[in-house]
Amino acid sequence: MNHSIFTIQNLILIFFIFQGCHASREFHLQYVFYKNLIYNEKLFGKFLHITDLHVDPYYLESSDPISFCHRYSPNPILNIAGKFGILSTPCDTPFALSNSTFEFMRSNFEDIDFIIYTGDAVRHDRDKLFKRTEDQVLDGHRRLVEYIQQYFDLSKIKFMPSLGNNDEFEHNKLPKGPNDLFSNLSQIWAPLNLNLTTHFLNGGYYRQDIHNKFSVLNLNSMYFYKKNKLLEDCNITDSAGTLQLEWLERELKNARQEKRMVYISQHVPPVDDANEELYSPACFYKYVQLIGKYSDVICGHFTGHTDKDTLAFVTADEEKDKYSIFALNETHILSTIATNNVVLTLTNAPSVKPTHNPAIRLYEYSTTYRNFGVLKDYIQYFVNLTEANEIGEAIWRVEYIASRTYGMNALGARDWAMVLKEFQSPDSETWRLYVKHITVSGP
Ligand SMILES: *[C@@H]1O[C@H](CO)[C@@H](O)[C@H](O)[C@H]1NC(C)=O
Ligand SMILES: *[C@@H]1O[C@H](CO)[C@@H](O)[C@H](O)[C@H]1NC(C)=O
Ligand SMILES: *[C@@H]1O[C@H](CO)[C@@H](O)[C@H](O)[C@H]1NC(C)=O
Ligand SMILES: *[C@@H]1O[C@H](CO)[C@@H](O)[C@H](O)[C@H]1NC(C)=O
Ligand SMILES: *[C@@H]1O[C@H](CO)[C@@H](O)[C@H](O)[C@H]1NC(C)=O
Ligand SMILES: *[C@@H]1O[C@H](CO)[C@@H](O)[C@H](O)[C@H]1NC(C)=O
């Protein structure tokens, strides 16, 4: 490029700068903005959200799903497990599908900045005839790290996992830290070069700065989850959940002071698509109040766990400083919602594990000085699993693009509030598509 000051681009640049610069900070921002615009410098970054891989090294193609795809039935008619997995059964993910997922990501998303992984790397412990051992659990975690090392350049891309409810030695059970799992994981995750401070060794959560104006807060939802019966609720001083909430509040306060945006990433969402509260009562209440209160600095909230593609909204109540949350499922429940009061949108991504068709998500976010981290759009990719098993090849296709499907310019609370207005007409095309996408049913 010609860097002479008299290029057309520079003259336009100078013209724009002198249009309206008063303070020197404004001058700088305008300069950066128009420079980016004219020289097409990076205004956007990209990242992936993947969740619930559940890789099962013991998955047997053409086995009987009633055996969790671990054994053949003497009756050949029952041996229907496909090469890439089988829909709507308790079977987990075969290597053929997890390999295909990583190969697709490597060949298409080399230019991403980071990957958010919201938990459940390990196979379920459902097969009573083949219980998981502690070594198998740790192997499951090692396998995820090996995948990332093999398929991505970790010196360029940050991979940030959080813990799912199947990632522990026992399903749904995680004792208060420090514990063996956290110390084991801090070793297994070492190649990921994460910010695993003493907070991680004590609580399983960590903050990862992506930029000086932007961090990802990777929470440990096992400390809020009501099915984790080893813990006390968040109304008890020094319970694991209370300590995590205190850390989260300090981090959010700090981010607000430093004018730094954050994403929250964790496995279990506060509510599932049936609007059941998934956290213990006090943890649930305090969590919703906290993310409502700090919704000005939270510009993304990512979860998995339910295998479904759903949205949930935090709204400010008429009563001052009180917040509520609701999730949208296929039953139309919107008539009473004051859409103008939406302060935060929570996006729950569907799983790779084929409960429904496998899916992954590519997000686009702003990298401009003022809006670093603000979500612009996402593209959801999926595999038609029936077709994949028929033709022996998994083809990843675009399922939908948020900006086009929902007619959005960006993914802020106000943008989503406009979409909610459309959702209020049960006959609208946007509502029809939302319902279709909940179970990854194609474009
Ligand atoms: C998956 O990838 C691994 C590592 O590259 C390879 O060893 C294995 O054979 C592959 N498995 C399948 C089913 O493609
Ligand atoms: C896991 O933690 C236990 C207890 O601290 C320890 O004995 C074991 O060596 C650890 N294993 C790994 C792989 O870090
Ligand atoms: C690591 O986490 C600590 C505490 O949450 C935070 O102060 C620090 O800035 C973080 N560093 C990076 C590189 O993320
Ligand atoms: C959807 O949410 C509503 C409101 O919370 C709930 O009553 C209903 O059972 C849910 N429907 C489904 C199918 O989950
Ligand atoms: C804490 O909340 C639980 C409900 O989860 C309630 O049963 C219990 O009485 C509360 N305890 C205290 C000390 O407030
Ligand atoms: C998936 O493929 C099957 C078989 O090829 C086809 O019948 C079905 O319509 C496809 N579904 C979607 C969502 O594309």
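Predicted model: local features only at pLDDT ≥ 70, side-chain atom pairs only at ≥ 80, totals over all residues.

Colleague: Let's begin with the ligands. Which residues are around ligand 2?

Modeller: They are Arg142, Asp180, Asn184 and Gln187. Helix H5, residues 180-188, gives the most to this shell, with three residues.

Colleague: How much of ligand 2 does the protein cover?

Modeller: The protein covers 48% of the 360 Å² of accessible area that ligand 2 has on its own. By class, the shell has two polar and two charged residues, and no nonpolar ones.

Colleague: And which residues are around ligand 3?

Modeller: Around ligand 3 you find Asn195, Arg207, Gln208, Asp209 and Glu251. Strand S4, residues 206-211, provides the largest share, three residues.

Colleague: How do you know that Asp209 makes a polar contact with ligand 3?

Modeller: Here a backbone N or O atom of Asp209 lies 2.8 Å from an oxygen atom of ligand 3. That is within 3.5 Å, so the pair qualifies. From side chains, Asn195 brings a polar atom to 2.3 Å from a ligand oxygen, and Arg207 has an N or O atom at 3.2 Å from one. The protein covers 62% of the 370 Å² of accessible area that ligand 3 has on its own.

Colleague: Now for the rings. How many aromatic pairs does a search of the whole structure find?

Modeller: It finds 39 aromatic pairs.

Colleague: Why is the pair of Phe224 and Tyr279 called tilted?

Modeller: The ring centres are 5.2 Å apart, and the planes are at 40°. Pairing needs centres within 6.5 Å, so the two rings do pair. Stacked would need under 30 degrees and edge-to-face over 60, so 40° makes this pair tilted. The pair links distant parts of the chain, 55 residues apart: Phe224 is in the loop between strand S5 and helix H7, and Tyr279 in the loop between strand S6 and helix H8.

Colleague: Are Phe224 and Tyr279 buried or exposed, and how do you know?

Modeller: Buried means under 20% relative accessible area. Phe224 has 0%, so it is buried. Tyr279 has 1%, so Tyr279 is buried as well.

Colleague: What makes the pair of Tyr263 and Phe302 edge-to-face?

Modeller: Their planes are 70° apart and their centres 5.1 Å apart. Since 70° is over 60, the label is edge-to-face. Tyr263 sits in strand S6 and Phe302 in strand S7, 39 residues apart. Both Tyr263 and Phe302 are buried.

Colleague: How do you know that Arg361 lies over the face of Tyr378?

Modeller: Arg361 is 4.1 Å from the ring centre of Tyr378. The distance limit is 6 Å, and the charge must also be within 35 degrees of the ring normal. The charged end of Arg123 likewise sits over the ring of Phe130, 4.6 Å from its centre.

Colleague: What makes some backbone angles worth a remark?

Modeller: Most residues other than glycine have a negative phi, and most peptide bonds are trans. Asn193 is not a glycine, yet its phi is positive, about 55°. Asp307, also not a glycine, has a positive phi of about 70°. As for peptide bonds, a cis one joins Gly177 and Pro178, with omega about -5°. Pro178 lies in the loop between strand S3 and H5.

Key:
Residues numbered from 1 in each chain as written. Chains lettered and ligands numbered in written order. Heavy atoms only, no water. Near = heavy atom within 4 Å. Areas by Shrake-Rupley, 256 points an atom, 1.4 Å probe, with all protein chains shown as cover. Helix = DSSP H or I, 4+ residues; strand = E, 2+ residues; numbered from the N terminus. Nonpolar A, V, L, I, M, F, W, Y, C, P; charged D, E, K, R; others polar. Polar contact = N/O pair within 3.5 Å; in protein donor to acceptor, adjacent residues only side chain to side chain. Phe/Tyr/Trp six-rings, centres within 6.5 Å; stacked < 30°, edge-to-face > 60°. Buried < 20%, exposed > 50% of the residue type's maximum accessible area, 1.4 Å probe, protein only.
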